[in-house]
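Visitor: Please walk me through this structure. I would like to learn how to read its features.

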Amino acid sequence: MRFDVLTLFPELIQSHMDFSIMKRAQDDGIIEVNTVNPRDYSEDKKHHRVDDTPYGGGAGMVLAPQPYVDAYEGVNKLSNSVTLMMTPQGEPFTDELSNELAKYEQIIILCGHYEGFDERIREIIKPREISIGDFVLTGGELPALCVIDSVSRKIEGTLGKIESAHDDSFSDGLLEYPQYTKPREYRGLEVPEVLLNGNHKLIEEYRLAQKIERTKKRRPDLYEKWKANH
């Protein structure tokens, strides 16, 4: 999987990729993450300006089309690729969508800033618009990292064992079951006995029951959706 991220702040992307599972996945050649700075494509060679005041008035600055369109067109695109724009106006980013995106060889991500994109960037590039939630951030880098991190987990080899992702929350429409490790007892709280007896059938039944109960209590919307399909 190759990620190409258009961002004014490439350090924000690169710093996250230098640690833990993401770094190992890059070192192992499972994923590749590149950054492209639209400032490098600005026709303003002195100040490398990428924004300007909005037509019609209003606060803030709007990202101009020329640097972003030229930067996008400068990306080497694979045949099996998809382009995303991180924006609060987009469709919700879900585990189901993450699975869908993991089938591509390349994901190109546009990160905005300030008051957002000139509308002509949307009209020319025609990206798939994605939102990580009903709130506004100062830029698209954090949402882009959420997409990169989530999608990378779906790619075999990233987690060592792909089964590690199969038990995650949302993988089957339910929240994950509670997890325990040593010691067996801590401050009067003990690990459930069923997890200690080695009976894998009982353990699976216990974990499923816990997933259902936890989802019903914490995310009734997910529970009702799961219940309708079972």
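Visitor: How many aromatic pairs are there?

Guide: A pair of aromatic rings is described by the distance of the centres and the angle of the planes. Rings of Phe, Tyr and Trp (its six-membered ring) pair if their centres lie within 6.5 Å; planes under 30 degrees apart are stacked, over 60 edge-to-face, the rest tilted. By this rule the count is 2 aromatic pairs. One of them joins Tyr 68 and Phe 117, edge-to-face, at 5.6 Å centre to centre and 90° between the planes. Tyr 68 lies in helix H3 (residues 65-73) and Phe 117 in the loop between E6 and helix H5 (119-125), so the pair ties together parts 49 residues apart in sequence. Helices (H or I, at least four residues) and strands (E, at least two) are DSSP runs, numbered from the N terminus.

Visitor: What should I know about the model and its numbering?

Guide: This is a predicted model: local features need pLDDT of at least 70, side-chain atom pairs count only at pLDDT 80 or more, and totals for chains, interfaces and linings use all residues. Residues are numbered from 1 along each chain as its sequence is written, and side-chain values use heavy atoms, leaving out hydrogens and water.

Visitor: Is Tyr 68 buried or exposed?

Guide: Buried means under 20% relative accessible area, exposed over 50%, partly exposed in between (1.4 Å probe, protein chains only). Tyr 68 is buried, at 0%. Phe 117 is buried too, at 10%.

Visitor: What is the strand order in the open sheet?

Guide: Strands of a sheet pair through backbone hydrogen bonds, either parallel or antiparallel. Two strands pair if DSSP finds at least two bridges between them. Here 5 strands run in the order E2-E1-E6-E5-E7, with parallel pairing. The edge strands, E2 (32-36) and E7 (128-131), each pair on one side only.
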